[in-house]
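Here's a quick tour to read with the model open on your screen.

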Amino acid sequence: MANNSKVTPEEALAYHLEPTPGKYEIVASKPMMTQRDLSLAYSPGVAVPCEAIAANPECAYDYTNKGNMVAVISNGTAVLGLGNLGALASKPVMEGKAVLFKRFADVNSIDIELDTEDPEAFINAVRLMGPSFGGINLEDIKAPECFIIEQRLKEEMDIPVFHDDQHGTAVICAAGLLNALKISGKKIEDCRIVLNGAGAAGIACIELLKSMGARHENCIVCDTKGVIYQGRTEGMNQWKSAHAIKTELRTLDEAMEGADVFLGVSAKGAVTPSMVAAMAKDPVIFAMANPDPEITPEEAHAVREDAIVATGRSDYPNQVNNVLGFPYLFRGALDINARAINDEMKIACAQALADLAREDVPDEVAMAYGRELTFGRDYIIPTPFDPRLIYLIPPAVAKAGMDTGVARRPIIDMDGYTQSLKARLDPTATILRGINARAKQAQARMIFAEGDDPRVLRAAVAYQRQGLGKALVVGREADVAEKLTAVGLGDAVSELEIVNAANSPHLRQYKAYLYKRLQRQGFDRGDIHKLAARDRHVFAALMLQHGHGDGLVSGATRKSAQVLNLINHVMDADAESGAVGVTALLHKGRVVLISDTLVHEWPDENDLANIATAGAKVARALGLEPRVAFVSFSTFGYPVSERAEKMHLAPDVLDARGVDFEYEGEMTVDVALNVTAQESYPFQRLTGPANVLVVPARHSASISVKLMQEMADATVIGPILTGVDHPVQICSIGSTVNDILNMAILAANKVG
């Protein structure tokens, strides 16, 4: 998948600044409302688990968050490719690592930056923090200090200590190499392997491969001084010396001749086409230097079509990405309360990743990458967004930990454990990833109607720069340029297509169409000119109606009802024409759609049945199998109320229609969403919690959505307008840049 997105410094800073500084916050997992809650959480109740842990330290895994808490620790001496920026400047990276732990493996994590370059001080600080955590992830510490720090901490601590810059790269590299050798028909013990770059990652890679069967005498390690051979003294240290071999080879060029495998953790351009040409049949080239590889896949394939190439970049096949490893290694290690992450666990992780790449790839994963993903030369490593990673890799790691005796609490029911890991998958992330993937495939020309608003302009720039399609902004050129410049995106003006009545060659056509549509509704030609030429919402809708765009996003600057009324001048988008508003609520891993939040003021039972069908359609477009509940303050006729009668009758309407989705009602919200509550009504037809709620009226829908948004901090997508002939989505006035972008993505998906 080509990575077309560009990130400007201004966008990166805005991402880290808004809506609150940083990338995560701490949220209480227990109630903290009443005096009793406080008495249990703190004094006197807290004394009980304290005494239990003092008597048996293993109880810390039962009564505290230790068992699912990892510290990401750095001193900032080797920040990404930026060098020694210091502890404070490394904090954004460490925060990022912490949220990756949570996003990919549901591991809680906190970042800690230690302001010291003294290994002894660093070791002592981390060792003293040991009781707080179930594992330690070391990050961005320069070599050779990182070797000293990790080794000492492993010896002195009884929890996993893992330097991801070393071992994360090594695990993913090993997984890819297993598959590359399977394709080429070679065995690791027979391969001649050349490593260029004898720093932390390089040394870890070669050590792991040796533990997997690569022979010491077949592994040639090079650094900036050339081959590391027995007897060399210049630029040596104890970690390099461990990999010195007896050889007459002195340069990388010489070492590459006849080599089966090249591993690069060095610098751009370190490998030349002539070096690749000199390698053995079916050469394996892992050019992992970032941001630019030692040699590009194009350069390698130009001289060797049989080469299998991997890089560290997302815009080439076979990305060696650490996020495939560290979250799942720690997930497995934490779940057995491991004392360490050993080589056997790393090898198990690598083997499980290699096995996964050989499996059939789910359609949604292939769609996210915009190409077919089939095991072969261009697909030897799984993709980071494969949903199977969470429940396939940790069990392999946990089993290896149990087999090698580092597990404090072995898992008895491995099948049950696998199912519990599946439950950790966040469906909201899957949904958002799916609609993003489909939008990239669609490459829709998206009309952003309100080009006078900086939020809309930033969303339009993001839409285009993320490779989702072409952004058409309705506005005045000078005004757009001024507002983009003010938010630090002045360079984006030339990227956007700015449209308005003054520069449109289609205005006469638009006005003729609008006059014909509205001439019997009290509009004269003057009114039509004002609407078409001066109202951006109407002009944008006319563009869409005439095929001069593929989707429309509006509503960020005016009330949704007003925008909908204006769009109705151009196309049918009202209750009579079948339009329905569906709002998606995403909260704590759950997705619930609420309908109708936009169009129907007081629907009757037939309208409610239509709304249910529209909600089910949107649910399926988002990748959900719909379970619809008609919700009220009553459940199956009690208490009796005239206002609840239509909710009681609506399922009968669907019965007569013979629809192909689950539905039930009327019922209260708790019965709709809670399986335990549903058990009190054994006759009801839902097979699980409802994910589409049809409410009695628009006002109750709006109240429900806004209450969840404000009180529970739920993510809101919508209202999603469905039942309209063209893809139109209407934002709310308080929409953020991300909200507007999500609505554009929905329009590109033609959701509705």
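What is the volume of the second largest pocket? It comes to about 490 Å³. Keep in mind that this is a predicted model.

- Four elements each put at least two residues into the lining: strand 15 (580-587), strand 16 (590-595), helix 28 (669-673) and helix 30 (698-711).
- Helix 30 gives the most, with five residues.

**The nonpolar cores**

- The largest nonpolar core has 96 residues, and inside it Ile 136 and Leu 263 have the most contacts.
- Helix 8 (residues 164-184) supplies the largest share of this core, nine residues.
- Another core lies apart from it, with 62 residues that include Ala 462, Leu 484, Ala 492 and Ala 616.
- If you skip neighbours within four places in sequence, Ile 136 is in contact with Ala 71, Ile 73, Val 126 and Met 157, and also with Ile 159, Pro 160, Val 161, Phe 162 and Phe 330.

**Asp 111, a charged residue on a strand**

- You'll find Asp 111 in strand 2 (residues 108-113).
- Is Asp 111 buried or exposed? Its relative accessible area is 7%, which is under the 20% cut-off, so Asp 111 counts as buried.
- The side chain of Asp 111 has a polar contact of 2.4 Å with the side chain of Tyr 24, and another polar contact, at 2.7 Å, with the side chain of Lys 91.
- Leaving out residues up to four places away in sequence, Asp 111 touches Val 72, Met 94 and Glu 95 as well as Tyr 24 and Lys 91.

**Pro 639, a loop residue**

- Where does Pro 639 sit? Look in the loop between strand 17 (627-631) and helix 27 (645-657).
- Pro 639 has a relative accessible area of 34%, so it falls between the 20% and 50% cut-offs and counts as partly exposed.
- With neighbours within four places in sequence set aside, Pro 639 is in contact with Phe 633 and Ser 634.

Technical notes. Residues numbered from 1 in each chain as written. Predicted model: local features only at pLDDT ≥ 70, side-chain atom pairs only at ≥ 80, totals over all residues. Heavy atoms only, no water. 1 Å grid on protein atoms, 1.4 Å probe; cavity = no way out; pocket = protein on both sides within 12 Å on 5 of 7 lines; lining within 4 Å. Points joined across faces, edges and corners; volume = space filled by probe spheres on them. Core = buried A, V, L, I, M, F, W, Y, C linked by side-chain atoms within 4.5 Å. Buried < 20%, exposed > 50% of the residue type's maximum accessible area, 1.4 Å probe, protein only. Contact = heavy atoms within 4.5 Å. Polar contact = N/O pair within 3.5 Å; in protein donor to acceptor, adjacent residues only side chain to side chain.
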